[in-house]
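Dear colleague,

I am passing a structure on to you with this email, and below it you will find notes on what turned up when I went through it. Please keep the structure open beside the text as you read.

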Amino acid sequence: MIQGDLDKAAENYKTALRLDSQLTAAWCNLGNVCARWGRSQDAIALYLQALAVDRLHVPSRTNLVQTLISSRQYPPAKAFLLELVAERPGDVAIRKELGKLHQELGELDLALACFEEILAADPQDAESLYWIGGVKQKAGDLAGANAAYLVAATLQPMIRRPAATLPEFRVLALFAPLVGNTPSEYLLGGLSFETNTAAVLDGARYDLQRLRQGGQIVVSLISDADQAGALLEQAAELVDGLGLPVINHPSKIAGTTREAMASRLQGIPHCRIPRIARHRAETGPAAARDLAAGFAFPLLVRPAGTHAGTEFELLDSLDAVETFALQHPGVDLYLIEYADFRSADGFFRKYRFIFVGGEILPYHLAVGEDWKLHHDNTRMAEFPWMQQEEARFLADPGTAFGPAQQEALRSIGARVDLEYFGIDCGIDRAGNLVIFEANASMLVHRDNQKFAYKGPFVEKIRTAYEAMLRKMVNRGADNAEI
């Protein structure tokens, strides 16, 4: 287990349990193996088996809670946590988990109370300050969030996430708490490397020597150019000052706004890039109407810097565009040409690919009856044929993407020029790729209990990511020797 050989660990735990089924720690550790494999439901069953032997076994209870939370089974996780807090009121780690869960559930007052109680006992607890920043940010108190983050960063410039085994190398991950970042919980949960995370904040000062000690490579997680704005310049200066190999340099991210990407990807054969225009909020709602007059209807409209379909609408008139602008004062809007990507069978299909160090890996296929298509809002769990189609695509993207479309994907990768990013796309009836977005903000996660067939393909992405990091670390070491 310590060496990371999960197959042999599982084999020996199973053998031990055949010899003595009352070994609580063996049930718990076998659950840990399954959790590392991404088999959350199996892990939960094993932790429950451990608790059937010893209901007070703390590691099994805490690991059970963490696995329930990671698989988004919040009600039972909350019940177990409340029980643990009642039994162990002085246990800071358990109270932190409860605070995190309250935040996840949107119970922001309760979350804030948890972390403030911890701080009252230990004002130097930087982790709780970071979480207070996150809670206040979610509540819309950006000034309070920034203040909490600044104090936390002063107390603890880096948050350490240890490797599961003896680390091969160290990664310094930079994120900006108040803007969009690459979702990294899964990607940076590697078995073989240690991650030290540092916050990039307006007005913060940095000890470059100390930060360099945190990693042999920098991963810049700041991914949303619309949200980050001028902060990307500060991040770029910081990265350049560190002088380490970099994944997704902030200066490259600066050129990945939706309108910039639409311009950059124009002219690729067999690739259809819907026209995009940006309405500047300061010009007023009437200007949005004038800008929309240059588009055909229906027309897609969304606030700049939003993702996942939030406030994303298909509008059918100039009046509707002006009303949308009135409802979003002070916010830039994207006006986007609507490209019909409905397949011949009447269903919409949206494909996601992840580009990792030059590899192009399939992540998912969402099939649905509506143009606003996200994997988690489809009815795919109800229809085996949809799941079978997605499984075929994951196993062989060539079942949906012919040579021309695959060449278009390679051209997109070359033009985007990031070490890590994703694209969402469809295929129109003429066989063209319809590109919806291309950026480094794409979510990759292992919470796929309803679609277990996805597991090996999602793991390929993380494996490729880890291999990319290792390759760049080794290349940096070779250059240093020269």
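The second largest pocket has a volume of about 310 Å³, and please bear in mind that this value, like the others here, comes from a predicted model. Its lining is made up of 16 residues, and those that lie nearest the centre of the pocket are W37, G38, R39, R446 and G455. Three helices, α2 (24-37), α3 (40-53) and α19 (455-481), each supply at least two residues of this lining, which by class has five nonpolar, six polar and five charged residues.

The axes of helix α5 (residues 74-87) and helix α6 (residues 92-104) come within 10 Å and cross at roughly 150°; because angles over 145 degrees count as roughly antiparallel, α5 is described as roughly antiparallel to α6. The crossing of α5 with α6 is left-handed, and the residues that meet there include Y74, L81 and V85 in α5 and I94, L98 and L101 in α6. By class, this contact has nine nonpolar, one polar and four charged residues.

For α6 and helix α8 (residues 126-138), the axes come within 11 Å and cross at roughly 15°, and these two helices are therefore roughly parallel to each other. Their crossing is left-handed. On the α6 side, K96, K100, Q103 and E104 meet E127, S128, W131, G134, V135 and K138 in α8, and the residues of this contact divide into two nonpolar, three polar and five charged.

How values were computed: Residues numbered from 1 in each chain as written. Predicted model: local features only at pLDDT ≥ 70, side-chain atom pairs only at ≥ 80, totals over all residues. Heavy atoms only, no water. Axes fitted to C-alpha atoms, helices over the stretch in contact; angles between N-to-C directions. Helix = DSSP H or I, 4+ residues; strand = E, 2+ residues; numbered from the N terminus. Parallel < 35°, antiparallel > 145°, perpendicular 65-115°, else oblique. Left-handed = near helix turned anticlockwise from the far one by under 90°. Contact = heavy atoms within 4.5 Å. Nonpolar A, V, L, I, M, F, W, Y, C, P; charged D, E, K, R; others polar. 1 Å grid on protein atoms, 1.4 Å probe; cavity = no way out; pocket = protein on both sides within 12 Å on 5 of 7 lines; lining within 4 Å. Points joined across faces, edges and corners; volume = space filled by probe spheres on them.
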